[in-house]
Each structure stands twice: as structure tokens, then as C-alpha cells.
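Q: I am new to this structure and would like a close look at one part of it. Could you walk me through the surroundings of a single opening, and then through what lies around it?

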Amino acid sequence: MDAHFASPPAPPASRPPARSGQEFLAASTVRRAARLAEIRRDEELVAEALVDALRRVIAVKTPRTPEQIRAELDAAVRRSDEAQRALNVARISLRARRNTLYADSAPLPASIAAYRHRGNYRGAFGSMSELGNCLRSALGIVSGLTIADRTAIARNLHLHGDIWTLEHQGAVHVFGRPGSGADLILASERPAPDALAPREAPAS
């Protein structure tokens, strides 16, 4: 082809502006704070579950030998350790899946966008008890639960990895593990989050 009629060279592909040092530092600070908050949240619920389990062992009225009591206490501590290890593994594994597409039920608030990797965002609830009441059918429970029982349902589903919860700005925000029974229930039965949580711009 004659050089006179050749197509002009394509313009160079545009690149996103490079982050400044301050922007990079700010983003790193946010990610580090989110990682620490994830660890604290998991440890908080593991500790609550352990305390409840120990109380139940102590509250048993049936006569037992010291060996039996120690065995029950040891079993409660072992289950607690297993739950914490599983949560640690899940936290590390999920952070490597940053390109996953999720089927959210509500816009993810910008203030908790650092937890995007936790699963399908299912909105906000007024408390862990309210969340547990919504999720009781995941365990085949219809009614007759105390507030503590409802709270324990939500906490145990968090510890088992079916959901992940975060208390933020006066509400309990919930992420569901895609495909879990609890996530499917939340997708269809959760209350409207706008009535429970402060309004924020969706995360971009």
C-alpha cells in the first residue's frame, strides 16, 4: 500500500493515572485496618461461643466425675480452636479471590467495601438476634427461641462459614457464602436494609 494512503497509527492506549505516594499509603492503611477488623470480629465471636459452651458445661445438674467435666471442657475448647483455625483459613483464602462476581441483594456501602471478598452482600440487620431470627429456618427451627438463642444461631452460622457478619455504624452487615443454605434464605427473606442502616453511597 502507498505510504500516502496508509492508515494513521493508532493512538497510544490510555492508562489510568498513577497513584501518588500518599494515595498508595492511604489505600494500604485502609486494607490493613480491614484485615485487623476481620481478625477481631472472628475472634470476638469465637470467644463468645466458647464462653457460652463453658457455661453450658458448668450448668449441667447431672452428677459427673471430675474426669467427665474436664473432658467436656476440653471438647468445648477443641471445638473453639477448630472454629478459629477454619475462620483464619477462610479469611486468607477469600482475600485471594478479588475478581469474583457476587449476587448482592443490596448495594454494598462504600464504608465496608474493603470486605467485598466476604461473599454476597445481604444488607443490614438491627442486631445479631434479628439476623438469627431470620436464619432459624436454616436449622429447621420454627419458633420458641430466646434472644440469646437467636443470637447464637447467627453467631454459629458465622463460625461455620455460611455467613460473615460485621457490626458497623449501629447495624449488623451480613455477607453470605454463595450457595449456602443461610445465603439462600437471606436472599429471599432479609428485611430491607435501607430502614436499618445509615444511607451511604454504593461502593464503586
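A: In this predicted model, the residues that line the largest pocket divide by class into 10 nonpolar, three polar and five charged. That lining is made up of 18 residues, and those nearest the centre of the pocket are A49, A53, R56, N156 and L159, while the volume of the largest pocket comes to about 360 Å³. Three helices, α1 (21–59), α2 (66–95) and α4, each supply at least two residues of this lining, and α4 gives the most, with seven residues.

Helix α4 therefore deserves a description of its own, since the largest contribution to the lining of the largest pocket comes from α4. The helix covers residues 147–159, which makes 13 residues, and from its first C-alpha to its last it reaches 18 Å, close to the 18 Å expected at 1.5 Å a residue. Its buried residues are R150, A152, I153, A154, R155, L157, H158 and L159, and one of these, L159, is also among the residues that lie nearest the centre of the largest pocket. Just after α4 comes G161, which takes a positive phi of about 85 degrees.

Of the 19 residues that line the second largest pocket, G161 is one of the closest to its centre, together with A90, L94, R118 and R177. Here α2, α4 and β2 each supply at least two residues of the lining, and the largest share, five residues, comes from α2. By class, the lining of the second largest pocket has nine nonpolar, seven polar and three charged residues.

In one of them, W164 and F175 form a tilted pair, with 6.3 Å from centre to centre and 50 degrees between the planes. Because W164 lies in strand β2 (residues 163–168) and F175 in strand β3 (residues 171–176), this pair ties together parts that are 11 residues apart in sequence. Both partners are buried: W164 has a relative accessible area of 2%, and F175 has one of 0%. W164 and F175 also belong to one aromatic cluster, which they form with Y115 and Y121.

Key
Residues numbered from 1 in each chain as written. Predicted model: local features only at pLDDT ≥ 70, side-chain atom pairs only at ≥ 80, totals over all residues. Heavy atoms only, no water. Helix = DSSP H or I, 4+ residues; strand = E, 2+ residues; numbered from the N terminus. Expected span 1.5 Å × (residues − 1). Buried < 20%, exposed > 50% of the residue type's maximum accessible area, 1.4 Å probe, protein only. Phe/Tyr/Trp six-rings, centres within 6.5 Å; stacked < 30°, edge-to-face > 60°. 1 Å grid on protein atoms, 1.4 Å probe; cavity = no way out; pocket = protein on both sides within 12 Å on 5 of 7 lines; lining within 4 Å. Points joined across faces, edges and corners; volume = space filled by probe spheres on them. Nonpolar A, V, L, I, M, F, W, Y, C, P; charged D, E, K, R; others polar.
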